Amino acid sequence: MASSGLYIQMFSIHGLVRGESPELGRDADTGGQVKYVLELARALGEHPDVEKVDLVTRLIADKTVSKDYAKIIEPLSDNARIVRIQCGGRKYIRKELLWQHMDEFVDRMLRFIKTEGRVPDVFHGHYADAGYVAAGLASIFGMPFVFTGHSMGRHKKNKLLSEGHSEEEINRRYHIDHRIDVEESVIKEAEQIVTSTRHEINKQYGLYENFSTASYEIIPPGIDIDTFYPYYDTQLDFHIEDESSKQARVALMNELHRFWVGPQKPFILALCRPDQRKNISGLITAYGEDKNLQAIANLAIFAGIRKNITVMGENERNVLTEMLLLMDRYDLYGKLAIPKKHDFSFEVPELYRMCADSGGVFVNPALVEPFGLTLIEAASCGLPIIATNDGGPADIIANCENGLLIDPTDTNEIASACRAILVDAEKWEYFSRNGINGVRKHYAWESHCEDYMRKVLEVQKEMPASDVMSTSGRPKAIGHRMTRIKKLLITDVDDTLLGDDPALRKLLGLLEANREDVGWGIATGRCLSMTLDALEEHDIPSPDIILSSVGTEIYYGPSHRPDREWLQHLAYQWKPDMIKDVLSELTFLELQEEETQRRFKISYYIDMRNDPELLTVVHKALQDKKIKYNLVFSNGQFLDILPFRSSKGKAVRYLSYKWELPLLNILVCGDSGNDEDMLRGNTCGLVVGNYSEELESLRGLRRTFFTESEYAAGVIDGIRHYRFLENIQ
Ligand code: GLC
Ligand code: MG
């Protein structure tokens, strides 16, 4: 941990994220989660143990949305900022279409971290897409990974299935199975999962196979207690009420008084979207059936904005129609207020305070309520609450002891809970006070951050030290190394590294002595396991990077962590079956052994002794079929067909880009055809004295040095030639 405090990187990738008037509710991807991460980022920035917080999201430069989303950096506060990373193009696209771009996101972040010059102490992903990115980065850097799901795919899939959508349709539209797969691995990889409620752990995470491998901590989100201040503060003149809340109060009053004949009575308040599952009808029925309750209190239901019910969606229309019909059926004219519209952000806190002033209660009768934000906001203003026993409210009432839980399907129970509080002034006071205090204790961002930081520091301590630091005190996780090294040596294995053992020992000694600044990789035609065999046989320590199977696979560090983005990059237009098909017609080709055949490498033996034009025949056969490929001929006998985007040289360029290492700082050494394209261009190229004929064409290139020395001695001569270990800074 840095002495001055933690550097936290939070990821929330989809939707439109901006600090200045976020467009909450603009679309399905820009809502509660965006609000949550913005508030959390700001609040964490205030914590004394935190030095800085980056909220990382996707950069969007698209005419259909505000230019704000194209800014790379947007400050949120002194210690917190939004960082935008471009990936998957510039267009604003819905979250379900982002999956294929997440590896690119990881890569771009590596560059960002490298330029920032500081590795974060924690990677925290919000929602599965960002979870994937944060998990990837955390493992590259050996740092803790924290995950907050916000919502989970299995639950959603079950819901959609139960609504009658087909599996196929759900996958087409939401790529839900992919999301679920990602969530399974994210759950497995997370050092810590943060949830808002116990209900979420059981009902959401509980559906996953890796459920029990994870550690969960319930840390509910905070609310803005400056907005949801207690009702009595207005009376005490403690809060200098601004004009807008006074105006909101007058507007609300006027609206409610249109409905009520006895406006001086306390009122029962409900506020929710017009959705069947919110069970508004249950509450109206409870009220309608209980004459005593009607005598002591009015009822007010705010169910969103409505203009013309007949043109609304089916669910909403049904809910609103039923509301009106129940009003008529129980003859609740003069008692039940169902205002047509209200301006959410301004009026809601005032509405809670008015209700508390009247001595009323807040009811959430939903059939199931995952969290219950409105309950917390109402409680914060001093309203006693009555809430469904299914979901998050149970936690709220357990924490605050500020109201009663009810079975939402039992209308008698709803009504008697209302009466119990409304008629008992002492109980009302008790619940009201507990709500105000409890929310401040349990549901303020400040307390969220306290719990969060306690957990994160704990996790940090538990991280296996060996993963983060090697015994010499040097960071071992490959990300640290890759962002720190200044130069990179890449050597081929057969006939370059191997062949002269004393020279090899000398070379390894040089590398070890310069390990701090110089990284080392090998690039070979061998597959990973054959490469490891060779390393072991010659007692060679694990390199930082292995480019195996002619650069089609990249692995990092002693644990051989695969570079997933590279694979993703190669998959483009790769048609191995078609290639094998076409080439099976050519009798002068013989497939190599099974273990050399890889996902992105098809290898043959080719005998060209009698006909040097055979390569042309291979090219023509493939081109006739319009196949895109890269053909590599080595050692006068090997023929590899690779994706057109791959080769050892392309892999080296990819590394240079990914880790921001200039090509000039990379020394590449080889002896045969499959090394050719990495020896060309801006890298420092070295051809050993024992090279094979195919490399003759490189002679004369400015940055390709042909040494007389052979094998590893040639490599050492290359180091000398380029003064590779001098002036490293
Ligand atoms: C290695 C591989 C072989 C490949 C050759 C040239 O020998 O095992 O499959 O064809 O390198 O790249
Ligand atoms: Mg070789």
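**Magnesium site and ligand 1 shell**

In this predicted model, the magnesium ion (ligand 2) is coordinated by Asp492 (OD), Asp494 (O) and Asp671 (OD), at 2.1 to 2.2 Å.

Me: Why is Asp671 called buried, and why does Asp494 count as partly exposed?
Reply: Buried means under 20% relative accessible area and exposed over 50%; Asp671, at 2%, therefore counts as buried, whereas Asp494, at 29%, falls in between and so counts as partly exposed.

Me: How do you know that Gln592 makes a polar contact with ligand 1?
Reply: A polar contact is a pair of N or O atoms within 3.5 Å, and a polar side-chain atom of Gln592 lies 2.5 Å from an oxygen atom of ligand 1, so the pair qualifies. By the same cut-off, Lys601 at 2.8 Å and Asp640 at 2.5 Å also make polar contacts with oxygen of ligand 1 through their side chains. The protein buries 89% of the 310 Å² that ligand 1 exposes when taken alone.

Me: Which domains supply the shell around ligand 1?
Reply: At least three residues come from each of domain 3 (485-568 + 646-724) and domain 4 (573-644), and the shell divides into two nonpolar, six polar and three charged residues.

Notes:
Residues numbered from 1 in each chain as written. Chains lettered and ligands numbered in written order. Predicted model: local features only at pLDDT ≥ 70, side-chain atom pairs only at ≥ 80, totals over all residues. Heavy atoms only, no water. Donors = N, O, S within 2.8 Å, 3.2 Å for Na, K, Ca; no water. Buried < 20%, exposed > 50% of the residue type's maximum accessible area, 1.4 Å probe, protein only. Polar contact = N/O pair within 3.5 Å; in protein donor to acceptor, adjacent residues only side chain to side chain. Areas by Shrake-Rupley, 256 points an atom, 1.4 Å probe, with all protein chains shown as cover. Nonpolar A, V, L, I, M, F, W, Y, C, P; charged D, E, K, R; others polar. Domains from an automatic or database assignment.
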